[in-house]
Amino acid sequence: MAPSVAELKGEELPNPIAGLKSKLSYPFYYPYFDVNEKFPPTQLFEHIDAGVNADPAKPNLLTPNTTTRNISPYIGTEITGVQISQLGKEGLDELALFAAERKVLLFRDQDFKDIGPERQIAIARHFGPIQRHPTSGNVKGYPEFHVVYRDPEHDEFREYRGRDQVSGVSWHSDISYEKQPPSTTFFFILDQPGVGGDTLFLSQVEAYRRLSPEFQKRLEGLRAVHSAVYQAEFSERRGGPVRREPVETEHPLVRKHPVTGEKALYVNQGFTRRIVGFKKEESDLILNFLFDHIAKGADFQIRAVYAPGTVVVWDNRVTAHSATVDFENTILRHAVRLTPQAEVPIPA
Ligand SMILES: [Fe+2]
């Protein structure tokens with residue numbers, strides 16, 4: 001019998017299906033796990049957002065050749081006619097600002113997945129130091145890559161969520177437990193199902209705006225604990241790496257974007273555990289209401305639908321997202337994330 005993921009102690013996922021790795025379009029990005037890989041605790045750093053310097057007219061990003069289409073009024077814009085790989089400093093600054101304003105950008109027909117790891121990392125690093133994930137698959141020699149991978153034998157997503165869930169939808173903001181959580185995040189697909197595997201995104205700015213002024217006032221000033229503990233324990237249980245001791249961090253419940261000044265809810269079911277200073281039932285009541293409010297907000301959500309060459313860029317500070325695992329587990333899906341970290345969240 002093939003070894004289970006829980007028995008895995010080696011460097012790569014076991015590969016019980018002969019030739020599966022060779023079927024990947026980009027085997028270089030096959031997920032790499034080294035249980036002996038260790039990172040030191042994250043140090044605080046000074047962060048100046050790339051969007052601060054951007055020309056609001058965005059002449060380098062939105063040229064006469066560029067076409068944009070808003071997917072919904074609050075969130076999401078599809079962009080064609082510009083290559084991220086060709087943008088200089090000004091263009092990348094404008095990209096940061098546009099991502100902050102529109103929350104999610106879907107760049108079509110990109111050569112990004114073919115420009116090589118050094119250039120991919122260099123582009124993402126323009127927005128901040130790239131997080132090296134404490135538990136997920138990365139790429140050998142390139143711990144900056146967070147590999148999202150599923151094949152018929154490896155379904156970490158379903159294991160992480162638990163197999164007895166009615167729904168696979170799991171709203172979260174990436175690695176919000178970090179003291180300096182991420183901002184302008186890059187995600188590109190290497191192999192995907194023909195239909196399905198979209199990513200759901202929502203605007204935490206609009207989620208906040210929907211609340212009454214009285215309720216908004218009650219939330220402002222509160223802080224909540226975001227925890228990496230479950231993620232680390234899950235990895236440990238299945239024999240995966242814990243490259244850095246899991247952290248728990250307090251963040252404001254409502255944060256202000258450093259460039260747009262917009263206020264956004266900053267709680268997510270994936271990592272937010274409790275409100276500081278509240279008793280358990282009080283904290284559960286408020287958090288469960290907010291998680292429910294966010295999950296039901298179909299009128300401030302979009303689906304990001306992938307096509308070959310799509311690169312999705314989103315601002316993690318003002319959004320939450322969920323995978324949709326709506327395709328058969330016989331299908332292979334392979335994607336990569338680059339996750340630049342940003343400022344310590346600014347309370348609203
Ligand atoms: Fe995510």
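1. Arg108 counts as buried, at 14% relative accessibility; buried means under 20% relative accessible area, exposed over 50%, and partly exposed in between (1.4 Å probe, protein chains only). The model is a predicted one, in which local features need pLDDT of at least 70 and side-chain atom pairs count only at pLDDT 80 or more, while totals for chains, interfaces and linings use all residues. Residues are numbered from 1 along each chain as its sequence is written, and side-chain values use heavy atoms, with hydrogens and water left out.

2. Which residue forms a salt bridge with Arg108? The partner is Glu78, and the closest N and O atoms are 2.7 Å apart. The pair links distant parts of the chain, 30 residues apart: Glu78 belongs to strand β2 (residues 77-80), whereas Arg108 lies in the loop between β3 (104-107) and α3 (117-125). Helices (H or I, at least four residues) and strands (E, at least two) are DSSP runs, numbered from the N terminus. Glu78 also counts as buried, at 18% relative accessibility. A salt bridge here is a side-chain nitrogen of Lys or Arg within 4 Å of a carboxyl oxygen of Asp or Glu; a search of the whole structure finds 24 of them.

3. Another salt bridge joins the side chains of Arg244 and Glu178, at 2.5 Å from N to O. This pair likewise links distant parts of the chain, 66 residues apart, with Arg244 in the loop between α7 (229-237) and β8 (248-252) and Glu178 in the loop between α4 (156-161) and β5 (184-191). Arg244 is buried at 7% relative accessibility, and Glu178 is buried at 2%.

4. Within helix α5 (residues 204-209), Arg209 and Glu206 are three residues apart, and therefore separated by about one helical turn. Their salt bridge has its closest N and O atoms 3.2 Å apart. Arg209 is partly exposed, with a relative accessible area of 48%, whereas Glu206 is buried at 6%. Both residues belong to a network of salt bridges that also links Lys103, Arg210, Glu262 and Asp299.

5. The second largest pocket holds about 220 Å³ of space. A pocket is an open set of points on a 1 Å grid over the protein atoms alone, where a 1.4 Å probe fits, with protein on both sides within 12 Å along at least five of seven lines; lining residues have an atom within 4 Å of a point. Grid points are joined across faces, edges and corners, and a volume is the space filled by probe spheres set on the points. The lining has 13 residues, of which Thr42, Gln43, Ile130, Arg132 and Gln341 lie nearest the centre of the pocket.
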